[in-house]
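Subject: Structure for you to look at

Hello,

Here is the structure I promised. Please open it first, then read my notes below.

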Amino acid sequence: MFVNKVGAQHLEAGMNCQDYGLQQDRMKLVCDGCSEGAHNEVGVKMYCHLSGLGYSTKQIFKRMVSIFGQSSSSIRDHLCFTILKVIENEDFFKVSYCGDGFVILEDLEGHISFEELSDGEYPKYYVYNYCDAEMLAYYKEGVDFVQQSFSKKEYKNVGIASDGLRFIVRSADKALREEFIQLLKTGKASAIKRFVNRNQKLFQDDITIVF
């Protein structure tokens with residue numbers, strides 16, 4: 001299931017959705033562009049497209065930096081985005097991430113839970129590895145992916161989502177949150193999209209879900 005919806009704040013400001021994702025056999029990918037950049041959806045979609053073609057993260061960023069350049073404005077406006085990925089094998093769901101987002105866990109009994117991934121106030125963007133340290137206030141020594149593994153002996157599905165998911169996960173409306181979880185279990189992207197449309201004021205930020 002792949003869901004990609006623009007948030008209410010971006011709609012009000014006339015901005016594009018700066019999230020995107022990808023679902024392939026045994027791979028799930030979600031990227032979330034920094035809203036402070038004018039066109040980070042460009043880098044997000046390029047990264048997802050090239051990942052789908054089999055290029056590594058290092059190969060992709062080397063290519064993107066050669067296209068957009070390494071000035072502070074080019075990096076801010078095109079290449080600042082978080083990356084979450086799930087690779088599935090016979091025994092595990094392997095999650096790797098660089099930046100904020102959520103892991104969605106469905107256990108063998110069908111119960112769904114959420115694990116928030118957060119760097120605090122300052123998310124990690126992989127492009128920091130291609131910046132002059134003098135340009136950065138944080139992460140001057142670079143950043144890397146963090147990895148987790150979830151056994152198929154415990155979970156039958158592991159998905160990922162951008163941090164726009166926080167608005168429903170943290171919602172004080174328990175009935176609304178439970179409705180969302182039941183829709184996730186159906187695996188129908190159209191149902192989730194309609195849910196977001198009905199509750200657009202709740203979803204202030206862009207949201208992408210691959211589950």
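The side chains of Asp-206 and His-10 are joined by a polar contact of 2.8 Å. A polar contact is a pair of N or O atoms within 3.5 Å; within protein, one must be able to donate a hydrogen and the other to accept it, and residues adjacent in sequence count only if both atoms are side-chain atoms. This is a predicted model: local features need pLDDT of at least 70, side-chain atom pairs count only at pLDDT 80 or more, and totals for chains, interfaces and linings use all residues. Residues are numbered from 1 along each chain as its sequence is written, and side-chain values use heavy atoms, without hydrogens and water.

Back to Asp-206. Its side chain also reaches the backbone nitrogen of Gln-18, at 2.7 Å. Asp-206 sits in the loop between helix H7 (189–198) and strand S10 (207–210). Helices (H or I, at least four residues) and strands (E, at least two) are DSSP runs, numbered from the N terminus.

Asp-206 is buried but has no salt bridge. Buried means under 20% relative accessible area, exposed over 50%, partly exposed in between (1.4 Å probe, protein chains only). A salt bridge needs a side-chain nitrogen of Lys or Arg within 4 Å of a carboxyl oxygen of Asp or Glu. The nearest side chain of opposite charge is Arg-166, 9.6 Å away. For charge, Lys and Arg count as positive and Asp and Glu as negative; His and the chain ends are not counted.

Next, the nonpolar core. This is a set of buried Ala, Val, Leu, Ile, Met, Phe, Trp, Tyr and Cys residues joined through side-chain atoms within 4.5 Å. The largest one has 27 residues. Cys-31, Phe-61 and Phe-81 are among those with the most contacts inside it. Strand S3 (27–33), helix H2 (40–52), helix H3 (57–68) and strand S4 (81–88) each give two or more residues. H3 gives the largest share, five residues. Another core, of 22 residues, lies apart from it and includes Leu-165 and Ile-207.

Last, the aromatic rings. Rings of Phe, Tyr and Trp (its six-membered ring) pair if their centres lie within 6.5 Å; planes under 30 degrees apart count as stacked, over 60 as edge-to-face and the rest as tilted. There are 14 aromatic pairs. Tyr-128 and Tyr-139 are stacked, 6.0 Å centre to centre with 25° between the planes. Tyr-128 is buried at 16% relative accessible area, while Tyr-139 is partly exposed at 23%. Phe-195 and Phe-203 are edge-to-face, at 6.2 Å and 75°.

Best wishes
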